[in-house]
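Have a look at the picture first, and then we'll go through it piece by piece.

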Amino acid sequence: QVQLVESGGGLVQPGGSLRLSCAVSGSIFSIYAMGWYRQAPGKQRELVAASSSGGSTHYAESVEGRFTISRDNAKNTVYLQMNSLKPEDTAVYYCNAMLVVVAGGRPLDAWGQGTLVTVSS
């Protein structure tokens, strides 16, 4: 069984920083794309940042230049460094991974349980 476990959320003042981590565990053959999404109260879930297996990255315009996504493929872990946080960054952040559990298997879209980030003074 594949699990994605996030950590690193919490309360931070505007202008502060947080680092989220997401570790993928279980029987996995390969992980393709990994990313972070967020959902603020009353809003739809949106993509924040994504990282392909080849190393390319993509960011939402609202976080470009402030957030950095990185991966440690040896540890099956993805990180999100968040700097210059704003109140509008407040949301539940979800980790996502596109992976296969066996060679030639159908890609699975796996999600973490979410971690709350609150930016407030």
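A residue is called buried if its relative accessible area is under 20%, exposed if that area is over 50%, and partly exposed in between, using a 1.4 Å probe and protein chains only.

Before we go on, some ground rules. This is a predicted model, where local features need pLDDT of at least 70 and side-chain atom pairs count only at pLDDT 80 or more, while totals for chains, interfaces and linings use all residues. Residues are numbered from 1 along each chain as its sequence is written, and side-chain values use heavy atoms, with hydrogens and water left out.

**The overall build**

How many helices and strands does the protein chain have? There are 0 helices and 11 strands, where helices (H or I, at least four residues) and strands (E, at least two) are DSSP runs numbered from the N terminus. The radius of gyration is 14 Å, close to the 14 Å that the globule rule gives for 121 residues, so the chain is as compact as a globular protein of that length. That radius is taken over C-alpha atoms, and the globule rule is 2.2 Å times the number of residues to the power 0.38. Along its principal axes, the C-alpha trace spans about 50 × 25 × 25 Å.

Now for contacts, meaning heavy atoms within 4.5 Å. Of the contacts with a separation of 6 or more, 55% are between residues 24 or more positions apart.

**The disulfide**

A search of the whole structure turns up 1 disulfide, that is, a pair of cysteine sulfur atoms within 2.5 Å. Its partners are Cys 22 and Cys 95, with sulfur atoms 2.1 Å apart. The pair links distant parts of the chain, since Cys 22 is in strand E3 (residues 18–25) and Cys 95 is in strand E9 (residues 91–100), 73 residues apart. The torsion about the S-S bond is about -80°, so this disulfide is left-handed.

| Residue | Relative accessibility | Class |
|---|---|---|
| Cys 22 | 0% | buried |
| Cys 95 | 0% | buried |
| Tyr 59 | 14% | buried |
| Trp 111 | 34% | partly exposed |

Trp 111 sits in strand E10 (residues 108–111). Beyond its neighbours within four places in sequence, Trp 111 touches Leu 4, Tyr 37, Arg 45, Tyr 94, Cys 95 and Asn 96.

Tyr 59 belongs to strand E6 (residues 57–59). A polar atom of the Tyr 59 side chain lies 2.9 Å from the backbone nitrogen of Ile 69. Setting aside neighbours within four places in sequence, the contacts of Tyr 59 include Val 48, Phe 67 and Ile 69.

**A buried arginine**

Arg 71, in strand E7 (residues 67–72), does have a polar atom of its side chain 2.8 Å from the backbone oxygen of Tyr 32. Leaving out neighbours within four places in sequence, Arg 71 is in contact with residues including Ile 31, Ser 52 and Val 78.

Technical notes. A polar contact is a pair of N or O atoms within 3.5 Å; within protein, one must be able to donate a hydrogen and the other to accept it, and residues adjacent in sequence count only if both atoms are side-chain atoms.
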